[in-house]
Each structure stands twice: as structure tokens, then as C-alpha cells.
Amino acid sequence: MSARRTDYVTHPACALHDMGDGHPEQPARLVAIERQLAADGLLDRLQRQTAGPASDAQLARAHTPEMLDGLARMAPRAAGQQRAVCPDTVMTHLSLDAARHAAGAVVAAVDRVLSGAADAAFCNVRPPGHHAERGRAMGFCFYNNIAIGALHALEAHGLQRVAIIDFDVHYGNGTADIVADDPRILLCSLYQYPLYPLLYPAGSAAGQSNLMLRRGDSSAEFRHGVSQTWVAALEAHAPELVLFSAGFDAHTEDPLAELNLTDDDFAWVTRKVLQVTATSAQHRAVSALEGGYDLAALGRAASAHVASLMAPEP
């Protein structure tokens, strides 16, 4: 059986956002993933797509006018200038263009998957998005790419239910803030406790299935937790589309966290989610890059995830 038609969505602008030497959220992350996909023989089997920028209306589904206007006013106008959004996130004159294309990639991927032009899509884009709240940019993130894509699927395509699977090691506070009151969206979120952003849910609230892990936890705890929490929530919600906030910083080699997941864990959770949602979502999935800061581990783990998206029988 042939591989599923899987898009690879990116844009050159996403590599131009640069927060300076030594910053972990660096342009080389995109290169590391693409090189590993090529080395594993996957890149030539993907349907390459160039993302357009998200529109004002698409951004406004997830963010307040005050936030969007504030970021636009804050943006530097000339090369060499920087503005601090928060202590760990800075903006250059190219940052918001990169962020618009990152969000636009997820929108375009949703369009193609729901139109039947692709079965799945992986968006190799940055800056990431899952810390960006409805009214605040933070944590390396400007616009919440995955929430924008989820709301686009609901509003523009008329879906009734979607699920967001956030396996980034840091809690996706921004996504939770945006989708908290929307019963059409199930958020399944992994996070290490305690770790940035030090904003955590109180258990599994309505519309959320949260998996908390602690320093040193590894494959056994992760797989048990997914099976005991996310699976039942996904079965009950029956999403028509799955969106992955694909952060790879729970990897044992990542410098910004203290979990011990392996490359195969990211392949496993992708297959598991697609198996559970096979009937309702028909294996339709859109994935967008979030964290992952050891370049070698990032490339391998992302490639394992993409291989599972492409698999004919996830």
C-alpha cells in the first residue's frame, strides 16, 4: 500500500526571523528537520507547498485587535533593530512576516487536507505558536499557529469537532487560553511539571485532557499516560480533524527540559492518535512545529513523526 499523500508546508520567510546568536529558537531548526527528512528518504515523497501569509481575519479569530495592533506598532522598521516582546522573545523587522507565514502554513494545510488534495500535512515553520495567548505574545511565540488553523477548520470549513494534540514539553498555555470556552475543540496537552510557563491547568478541565509528567519520566510514563487520558477523551470527542502541536523538546537530548522520550515515542504517539481517531477524522491530520532545541534530536524526532503521518495504516 502506498504512503498517504502528505504535504510539506514551509516558506523562506520563516528562516529570516532571528533572535540572535545563542538563542535556542533559531533558523537552523528548520534546516535540521529538512536535512533529516532528506536523509531518511522522506522529503522527495512529500508534496511540497509554499505557504502564504495568514490574513488579518484569520489572525483575528484567535487574537484580540489590541494584541495584533500592538505587535504591529512594536515591530522594528529597519534591519538591525530589535524589540523585546518578553524576556525570552525579541522581534526584528522580519519577525512578524515570518509569524504570518507560519500561521498561514497551517491555514493552507487545513485547506488542502479538508479539500482532499492531501491526507495529512507537516508544517516546518517558525516562530512557534502555542504560548501565544488571545491577548499576549510570549515564549518564543507571536501568533498561535495551531489555534488559528483549528478555528479556520471550524469557521471556514464548517467542521463540528477538532482535536489539538500538543506533545510539546511546555504547557500550551496560549492554545488553552484561546480554545478554553469552545466545546468544538478538544485540547490534549503534555507538559513537564514544573517547567515554563509555570501556568498549569487544574486537572483535566472541560475540553482538555492534560498529561503531566515529571523530571526523569520516560517512554513508559508517557505511553501509559497517553493511553489512560488522551485515548478516552479522543474517543468521546470524535474529532473530524486532528491538529498536532508538534514540539520535540520532551526528547531526552533536549537542553530545555528533563524528560527522556526517544525518537520512537514521537512516532508512536502519532500512530496512536491517528488510530484512535481513524473513524471520525478519517486519518486527516495537520501538524505544525513547536519546540525542539537539540538540532540532531529535533531532526530525527520530527522525521519519525512525519513518517507516521505518511504511513498508509497509522
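## Helices α1 and α10

Let's start with a crossing: α1 and α10 pass each other in a right-handed sense. This is a predicted model, so keep that in mind as you look around. Helix α1 covers residues 28-39 and helix α10 covers residues 295-310, and their axes come within 8 Å while crossing at roughly 55°. That angle makes α1 oblique to α10.

Who does the touching? On the α1 side you'll find Ala-28, Arg-29, Ala-32, Ile-33, Gln-36 and Leu-37. Facing them from α10 are Leu-295, Leu-298, Gly-299, Arg-300, Ala-302, Ser-303 and Val-306. Sorted by class, this contact has eight nonpolar residues, three polar ones and two charged ones.

## Helices α7 and α8

Next up is another helix pair. Helix α7 (residues 219-237) packs against helix α8 (residues 263-276) at an angle of about 20°, and the two axes lie 10 Å apart. An angle under 35 degrees counts as roughly parallel, and α7 and α8 are therefore roughly parallel to each other. The crossing of α7 past α8 is right-handed.

From α7, the contact takes in Ser-219, Phe-222, Arg-223, Val-226, Ser-227, Trp-230, Val-231, Leu-234 and Glu-235. They meet Asp-264, Asp-265, Trp-268, Val-269, Lys-272, Val-273 and Val-276 of α8. The contact of α7 with α8 splits into nine nonpolar, two polar and five charged residues.

## Strand β9 and its cover

Now for a strand. How many of the residues in β9 are buried? Five of five, so to speak: β9 runs over residues 242-246 and is mostly covered.

The cover is there on both faces. One side carries Val-242, Phe-244 and Ala-246, the other carries Leu-243 and Ser-245, and all of these are buried.

## The neighbours of β9

Which strands pair with β9? One is β6 (residues 162-166), which pairs with β9 in the parallel sense over four bridges. If you want a spot to look at, take Ala-163, whose bridge partner in β9 is Val-242.

Strand β10 (residues 285-289) is another partner: β9 and β10 pair in the parallel sense over five bridges. Here Ala-246 stands opposite Leu-289 of β10.

Notes. Residues are numbered from 1 along each chain as its sequence is written. This is a predicted model: local features need pLDDT of at least 70, side-chain atom pairs count only at pLDDT 80 or more; totals for chains, interfaces and linings use all residues. Side-chain values use heavy atoms; hydrogens and water are left out. Buried means under 20% relative accessible area, exposed over 50%, partly exposed in between (1.4 Å probe, protein chains only). Helices (H or I, at least four residues) and strands (E, at least two) are DSSP runs, numbered from the N terminus. Two strands pair if DSSP finds at least two bridges between them. Axes are lines fitted to C-alpha atoms, for helices over the stretch in contact, and angles run from 0 to 180 degrees between N-to-C directions. Angles under 35 degrees count as roughly parallel, over 145 as roughly antiparallel, 65 to 115 as roughly perpendicular and the rest as oblique. A crossing is left-handed if the near helix is turned anticlockwise from the far one by less than a right angle, and right-handed if clockwise. Contact means heavy atoms within 4.5 Å. Ala, Val, Leu, Ile, Met, Phe, Trp, Tyr, Cys and Pro count as nonpolar, Asp, Glu, Lys and Arg as charged, and the others, Gly among them, as polar.
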